[in-house]
Amino acid sequence: MTNFPIEKIRADFPILAEKIRNKPLVYLDNAATCQKPQAVIDSIVHLYSHVYANVHRGVHTLSVRSTGLFEGARTKVKDFINAASEKEIIFVRGATEAINLVAQTYGKTNIKPGDEIIITAMEHHSNIVPWQMLCEQTGAVLQVAPMNLLGELLFDQFEKLINDKTRLVSVVHMSNALGTINPVKKIIATAHAQGIPVLLDGAQAIPHMTVDVQDLDCDFYVFSGHKLYAPTGTGVLYGKQALLEAMPPYQGGGDMIRKVTFEETEYNVLPYKFEAGTPDIAGVIGLGAAIDYLNGIGMDKIAAYEAELLADATEKTHKIKGLLIIGEAEHKGAILSFVLDKIHPHDIGTMLDSLGIAIRAGHHCAMPVMDFYKVPATARASFAMYNTKEEIDVLMNGIESLIEVFG
Amino acid sequence: MFDDLRDLYQEVIFDHNRNPRNFRVMENAHRQVEGFNPLCGDRLTLYLKLDGDVITDASFQGSGCAISTASVSLMTEIVKGKTEQEAEELFKKFHEMTTGKDENFNLEAIGKLAVLAGVREYPARVKCATLSWHTLDAALKNEQKSISTE
């Protein structure tokens, strides 16, 4: 693609210069976690070298400065997803914790025996298990909207599942195992027509496209920082202010309170009500740096470049005999899940690793998806903005060679 | 192209992966145990026939990677004719070899199974090689249930 500064971007990620088994690293496991640009690494080094102290507590200079950087990151997240207010941005450990938070606060308050929660057949375990736990606790029922063999949601079947017992819809924005991008605006409009709130699991979508929570009109949006070029240990729960206000706190502790006596506690205002204890200060500030970095490139440009990468990779795989792509939705992000005839994904993973190529082999925390396709596991190459068509060639050559070796 | 992997993927392993030995359901098996590695989805069912404490027949069904298929295929060949105690001894040795704790491990003492010694260098793949033996261990202890590597 012309105008996409790929060489500059690659130079910004120091790990991409590493050699793995004496070969240049080809990192294609971005759906598991993304590598970090120097700007993010520097932000953490700078913080710990010059600024660090606890946030929201001291009157001393460093605490005030740390708090400024920490809250500055919250504003960056708010702007990045176009939330209406910083009060709607809750920092958590990751998308998983964000979903558990909603299940255990919003869910426990609003969901009663016999109520129904709808998810889809392509969810990650983190958008299945918290709802199963909630159903066990409340006597609610989990409904699963099916998909077709391309990995696309069967929208009419989803629509049919909605009834007067449905209390929540929780769907993945982009599937980690298949790459499918769900028609989330349509899902939200359909659920809202019945007064049902919608949570979007944005863990995979967030690094690949512009996300505007007000335009989507979702009620909750969750994502992890480490998949957005930021440090591990950070995540975001976005929630509409009115919903968050009405929810009870998640964990108790410091920071989430306004006043504590042994008789009673008055909870803090949003967003602090949901942020008990010292947060991942450096991680959140690193997340802010990652967002600055991405804004400098532009999410629309990243999306366009990655769409080219996916198209290129998909076309090249069509030439490989015995390769079957798992997940061929019309609307798809830059994820290529595949299986090879008679070669197990773990053998593929080890073989490619010996060539310096990092892919994921396994069930991708989506065992029901594997069951649906009747495969024990898949091999998955997942792309980021720093990958190139040359790397895709290295991958394809590797796959062709290992097919030969296995004969 | 895959020179680094020669120790791991020896020709014997490819051979057993392509043509697994004793790959069949066993009628009237005395022991039948399922092995499962939830990490990679490998699944196998191991069947044994016993005469007293001697393993007279062993077979398996299931699907897995080349390492796990070769391991279980080799194992069913080797344990036939062995007593339960001899098989347990082999399991212990195999475990020592694959986990690589003993640097002076005598590969000759384990015969044909030495082709799987390469997994020592690949910690992520050790469980592929040991699933079959853990399943055998469970079968010999008469644990009539599914066992898991996790």
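## Basis of the model

Helices (H or I, at least four residues) and strands (E, at least two) are DSSP runs, numbered from the N terminus. By that count, chain A has 14 helices and 17 strands. The radius of gyration of chain A, taken over C-alpha atoms, is 22 Å, close to the 22 Å of the globule rule for 407 residues, so chain A is as compact as a globular protein of that length. The globule rule is 2.2 Å times the number of residues to the power 0.38.

The model is predicted: local features need pLDDT of at least 70, side-chain atom pairs count only at pLDDT 80 or more, and totals for chains, interfaces and linings use all residues. Residues are numbered from 1 along each chain as its sequence is written, while chains are lettered from A and ligands numbered from 1 in the order in which they are written.

## Chain A overall

The C-alpha trace of chain A spans about 75 × 55 × 35 Å along its principal axes. Of its 407 residues, 50% count as buried. A residue is buried if 20 or more other C-beta atoms lie within 10 Å of its own, exposed if 12 or fewer, and partly exposed in between; C-beta atoms are placed from the backbone.

Two residues are in contact if their C-beta atoms, placed from the backbone, lie within 7 Å. Take the contacts in chain A between residues at least 6 apart in sequence: 69% of them join residues at least 24 apart.

## The nonpolar core

A nonpolar core is a set of buried Ala, Val, Leu, Ile, Met, Phe, Trp, Tyr and Cys residues joined through C-beta atoms within 7 Å. The largest one has 161 residues, and A:Val222 and A:Val236 have the most contacts inside it. Helix α10 (residues 281-297) of chain A gives the largest share of this core, 9 residues.

## The seven-stranded sheet

Strands of a sheet pair through backbone hydrogen bonds, either parallel or antiparallel. Here, two strands count as paired if DSSP finds at least two bridges between them. Chain A holds an open sheet of 7 strands with mixed pairing, in the order β4-β10-β9-β8-β7-β5-β6. Its edge strands are β4 (89-92) and β6 (141-145), each pairing on one side only. The twist averages 20° from one strand to the next.

Within chain A, β7 (residues 166-172) and β8 (residues 198-201) run parallel, joined by 4 bridges. A:Ser170 stands opposite A:Leu199 in β8(A). Helix α5 (residues 129-138) of chain A lies across β5 (116-120), β6 and β7, at about 145° to β6(A). Axes are lines fitted to C-alpha atoms, for helices over the stretch in contact, and angles run from 0 to 180 degrees between N-to-C directions.

## An enclosed strand: β17(A)

Strand β17 (residues 378-382) of chain A is largely enclosed by the rest of the structure, because 5 of its 5 residues are buried. A:Thr378, A:Arg380 and A:Ser382 point one way; A:Ala379 and A:Ala381 point the other way.

β17(A) has antiparallel partners. Strand β14 (residues 335-340) of chain A joins it by 4 bridges, with A:Ser337 facing A:Arg380 as bridge partner. Strand β16 (residues 360-362) of chain A pairs with β17(A) over 3 bridges, and A:Gly362 stands opposite A:Thr378.

## Chain B

Chain B has 4 helices and 4 strands. From the N terminus, they run α-β-β-β-α-α-α-β. The radius of gyration of chain B is 14 Å, close to the 15 Å that the globule rule gives for 150 residues, so chain B is as compact as a globular protein of that length. Its C-alpha trace spans about 45 × 30 × 30 Å along the principal axes. Buried residues make up 39% of chain B.

β1(B) pairs with strand β2 (residues 42-51) of chain B in the antiparallel sense over 7 bridges. B:Asn37 stands opposite B:Asp42 in β2(B). The two strands form a hairpin with 4 residues between them, and B:Gly41 in the turn has a positive phi of about 85°.

## Where the chains meet

The contact takes 15 residues from chain A and 18 residues from chain B. On the side of chain A, α12 (345-353) and α14 (389-406) each supply at least two residues. α12(A) gives the most, with 4 residues.

By class, this side of chain A has 6 nonpolar, 7 polar and 2 charged residues. Ala, Val, Leu, Ile, Met, Phe, Trp, Tyr, Cys and Pro count as nonpolar, Asp, Glu, Lys and Arg as charged, and the others, Gly among them, as polar.
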